[in-house]
Amino acid sequence: MLDRTYGEARSTMYASSNKEKFHRSGPPRSKQRIRRYNGLCGKLREAPDGRLISSKDVAPTMPRGSRDLYDEVEAYYRHNSAAARQILSTIARLSDEVRKGNAGRPVRIMNFCGTHEWTTTHYGIRSLIPKGVELISGPGCPVCVTPASYVDLCIKLSLEGVRVYTYGDAFKLPTTRRVKGARSLEEAKSLGGDVAVVYSFLDAMKDAKSSSKKGVFLGIGFETTMPSYSEPIDRKVVPKNLFLLSALRLTPPAATFALEKVGKVDGVIAPGHVSVITGASAWAAIADELHIPTVISGFEPIDVLISIAGLLRQMANGEHKVEIEYKRAVSWKGNERAMSTMHRVFETVDSAWRGIGIIPRSGLELREEHSAQDAKKEFGLAEEEADSWRDDLPKRCRCGEVTLGLIKPTECSLFLRACNPERPYGPCMVSSEGTCAVWARYGGGGLADRVAAEVGVNL
Ligand code: SF4
Ligand code: SF4
């Protein structure tokens, strides 16, 4: 199963069970049945031996469920093939130049955004670029790094009558032990817990306003989602019965931490949405102090390819600076108003990252003047300290190493065995931005690899 994507494996199973049904009932005979059959299963025609066969009875070249992905990737590359070819030839030329200068050592580029990892994997970018350029996934998913203790508290509260609001992404997030019989908010809800899946903090505010119950919002996110909390709290419009459990984390300190852990990294693809808020200046330390070329990228496959070319060009020229590829949204200063509101409402503290440990000045806590809204104070959750921190991953889950880019998801022995997107065992398999979930759904580029080759983008 490891050589196929999760989607492919499922659709093959589905297709063969339909086929079995057809063989059990035999070909349709009445006109009405034939019409219905034609609609559902493809047009019937007579075979030379007189049997009725369906046009869909011929084995498809691709499993049926993966056609969507195939069609989408194919359409993208067909539409953009000239641009893709041109950028890929620039990448090939620059990577030769860079590798000649560093004795053939592979060039390592790290991303810090779940959507960049999604684009890279979904569109098979790893298979398009030269073998000597390695793309590493870094800590880019806020759900993956939310400490288990936060989930424990939310499960417990939901089963004690407090309404817990969560984004859909975190609904299945597993903790390490059973709390009152549940390992996730999804299980807590099935046991009668009060869990509401919402799209935003605003939705939770609306609901809490019309309720007399106490409510807790599991506030997961990076800088991108932070204004959705800081603005209403600053304006004092949050209902008194709604408390924020801040699991907000800051990306640049985690990026620096990961870069120190993972060893030699030659270039950084910095997150686009985060930089809309923080501004490109937030990444200056990586370029100036760690001397690593950095490009802030958009999310289209072409954006990512241009960013790789930009990084290789800096390497070839011996430069290390912050460049903005995602110019249509990112400026050097960012959203100054959002940042100043954030600093008024939150203070920066050392924070725990699940499976990783405490990263200095990487989290946001509500300031004292807003403590009436603070779920940690209201319900008692002490922030972990460096000397008391314990690994909070389920047994044998290697999410910490995946998140820091030390291993690939396929190196975890549970990948697509005990852990898959339908039944996630570890946190990186839960959110659509989690590296393990992305690899499980899109197979690290295998399918896109074939599409790109067929379309002629692969050089
Ligand atoms: S919020 Fe945007 S920038 Fe941040 S990790 Fe998610 S997709 Fe990337
Ligand atoms: S495959 Fe599952 S268990 Fe393994 S590292 Fe990923 S999330 Fe953890």
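1. Two strands are said to pair if DSSP finds at least two bridges between them. In this predicted model, β9 and strand β10 (residues 294-296) meet that criterion, pairing in the parallel sense over 3 bridges, with I269 standing opposite V295 in β10.

2. Strand β9 also has strand β3 (residues 107-111) as a partner, again in the parallel sense and over 3 bridges, and here I269 in β9 is the residue that stands opposite N111.

3. A separate point concerns the open sheet of 4 strands, whose order is β6-β5-β7-β8 and whose pairing is parallel. Its edge strands, each of which pairs on one side only, are β6 (195-197) and β8 (242-248), and the twist from one strand to the next averages 20 degrees. Within this sheet, strand β7 (residues 215-221) is joined to the parallel β8 by 7 bridges, and G215 stands opposite L242 in β8.

4. Two helices lie across strands of that sheet, and their directions may be worth checking on the display. Helix α9 (residues 201-209) lies across β5 (163-166), β7 and β8, and runs at about 160 degrees to β8, whereas α10 lies across β7 and β8 and runs at about 145 degrees to β8.

5. Which residues of helix α15 (residues 336-345) are buried? They are A338, M339, T341, M342 and V345, and because they cover an arc of only 165 degrees around the axis, they fall on the same side of α15. On the other side of α15, E336 and R337 are exposed. The cover over the buried residues of α15 includes α10 (226-234) and α12 (272-278), together with β12 (346-353) and β13 (357-366).

6. Finally, the surroundings of ligand 1 deserve a careful look, as its shell is made up of C113, G114, T115, G140, F222, T224, P271, H273, V274 and E433. At least two residues of this shell come from α5 (114-122), and at least two from α12, a helix that is also among the elements covering the buried residues of α15. Sorted by class, the shell around ligand 1 has 4 nonpolar, 5 polar and 1 charged residues.

Notes
Residues are numbered from 1 along each chain as its sequence is written. Chains are lettered from A and ligands numbered from 1 in the order in which they are written. This is a predicted model: local features need pLDDT of at least 70, side-chain atom pairs count only at pLDDT 80 or more; totals for chains, interfaces and linings use all residues. Side-chain values use heavy atoms; hydrogens and water are left out. Buried means under 20% relative accessible area, exposed over 50%, partly exposed in between (1.4 Å probe, protein chains only). The arc is that of the directions from the helix axis to the C-beta atoms. Contact means heavy atoms within 4.5 Å. A residue is near a molecule or strand if one of its heavy atoms lies within 4 Å of it. Ala, Val, Leu, Ile, Met, Phe, Trp, Tyr, Cys and Pro count as nonpolar, Asp, Glu, Lys and Arg as charged, and the others, Gly among them, as polar. Axes are lines fitted to C-alpha atoms, for helices over the stretch in contact, and angles run from 0 to 180 degrees between N-to-C directions.
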